[in-house]
Amino acid sequence: MGGHIIMQTLSEKGLRLVKSAEVGEENEASEESSKSLLTIDEYYQHAEQYAREIRKTHDVNEIIRILDAVLSETRDLHQSDEMSNTRQEVSDAEQKIESLKHELALIRELVHTDQMTGLFNRRGLDEHFIRETARADRSKNPLCVILIDLDNFKEINETYGYPFGDNVLISLARMMMNALRPTDVVARYGGEEFVILLPDTEIDEAVRVIQRLQRTLANRPILNADNQPVSISFSGGVALRQADEHQHAVIKRADEALSRAKNIGSSQIEVAP
């Protein structure tokens, strides 16, 4: 299902849930005071505006933000003494909105996560790159980008089978997540390539990070189908992002450094100029 269709479906569902938060029947509303009617009318107008905003956006984060606003106003309505006759309806609406928020959060994770390794995918990397580069530009702190590639991965798949190759990718992903800082970002860039963002890290320290990861992987051979250990290695390219440098530019420099490393041999590291 394409992203546009997914977002269209979510928008329609969001609109239904927003409308479910409309409280009371018309005859009940007519019994309220003029002040209460104004409060209900304002809520209705806001709900319609939120529904229009949901229809316009394809950003799951933005939809969740809108639903947070809807939920806040719905709870305010729920707590109003004037709405005692319709509190059950409002409570139902709150639960439905919370449920939709949860579903959207799960979808957001799926959209930004590589399903095999559990790392960020390219879309997730894009989002974190924007965030980290904005922070680096504000603080004037360094940000290093590492591109790594498993050595001889095609031969590994051909020799031991694709399930073993998948296990190699999963094992490498887990090893990196356990070895790196919580502030570091790891993404599967494609196939057997991975990108690591190291905030507040100079180039020499970034090289030491790769070396430590290489040693850790070398000390943890992966067992094949015959329960025999297979040594796995990777090579890496490191680039220190320049001020205001675009994501594609810095990754391109890291990729060029990686190519030089691969041309030298296995388990090599090269630094981008």
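Contact is taken here to mean heavy atoms within 4.5 Å. The structure is a predicted model, in which local features need pLDDT of at least 70 and side-chain atom pairs count only at pLDDT 80 or more, whereas totals for chains, interfaces and linings use all residues. Residues are numbered from 1 along each chain as its sequence is written, and side-chain values use heavy atoms, with hydrogens and water left out.

The protein chain holds ten helices and seven strands; helices (H or I, at least four residues) and strands (E, at least two) are DSSP runs numbered from the N terminus. Of the 273 residues in the protein chain, 43% are buried, where buried means under 20% relative accessible area, exposed over 50% and partly exposed in between (1.4 Å probe, protein chains only). Among contacts in the protein chain with a separation of 6 or more, 66% join residues 24 or more positions apart.

Five strands form an open sheet with mixed pairing, in the order β2-β3-β1-β6-β7; two strands pair if DSSP finds at least two bridges between them.

Strand β3 (residues 193–199) pairs with β2 in the antiparallel sense over five bridges. Val186 has Ile196 in β3 as its bridge partner, and Ala187 stands opposite Val195 in β3. The two strands β2 and β3 form a hairpin with two residues between them, and Gly191 in the turn has a positive phi of about 60 degrees. Strands β1 and β3 also run antiparallel, joined by seven bridges; Asp149 has Glu193 in β3 as its bridge partner. Six of the seven residues of β3 are buried, so this strand is largely enclosed by the rest of the structure.

Leu197 lies in strand β3 and is buried, with a relative accessible area of 0%. Not counting residues up to four places away in sequence, Leu197 touches Leu125, His128, Phe129, Leu143, Cys144, Val145, Asp184 and Val185. Leu197 and Glu132 are 65 residues apart in sequence, with a C-alpha to C-alpha distance of 8.4 Å.

Helices also lie against the sheet. Helix α6 (residues 122–139) lies across β1 (143–150), β2 and β3, and runs at about 20 degrees to β3. Axes are lines fitted to C-alpha atoms, for helices over the stretch in contact, and angles run from 0 to 180 degrees between N-to-C directions. Helix α9 packs on the sheet and touches β1, β3, β6 (234–240) and β7, its direction making about 165 degrees with that of β6.

Two packed helices are described by the angle between their axes and the distance between the axes. For helix α8 (residues 162–179) and helix α9 (residues 203–218), the axes come within 11 Å and cross at roughly 130 degrees. That angle makes α8 oblique to α9; angles under 35 degrees count as roughly parallel, over 145 as roughly antiparallel, 65 to 115 as roughly perpendicular and the rest as oblique. In this contact, Leu172, Met175, Met176 and Ala179 of α8 meet Arg212, Leu213, Thr216 and Leu217 of α9. The residues of the contact of α8 with α9 comprise six nonpolar, one polar and one charged, with Ala, Val, Leu, Ile, Met, Phe, Trp, Tyr, Cys and Pro counted as nonpolar, Asp, Glu, Lys and Arg as charged, and the others, Gly among them, as polar.
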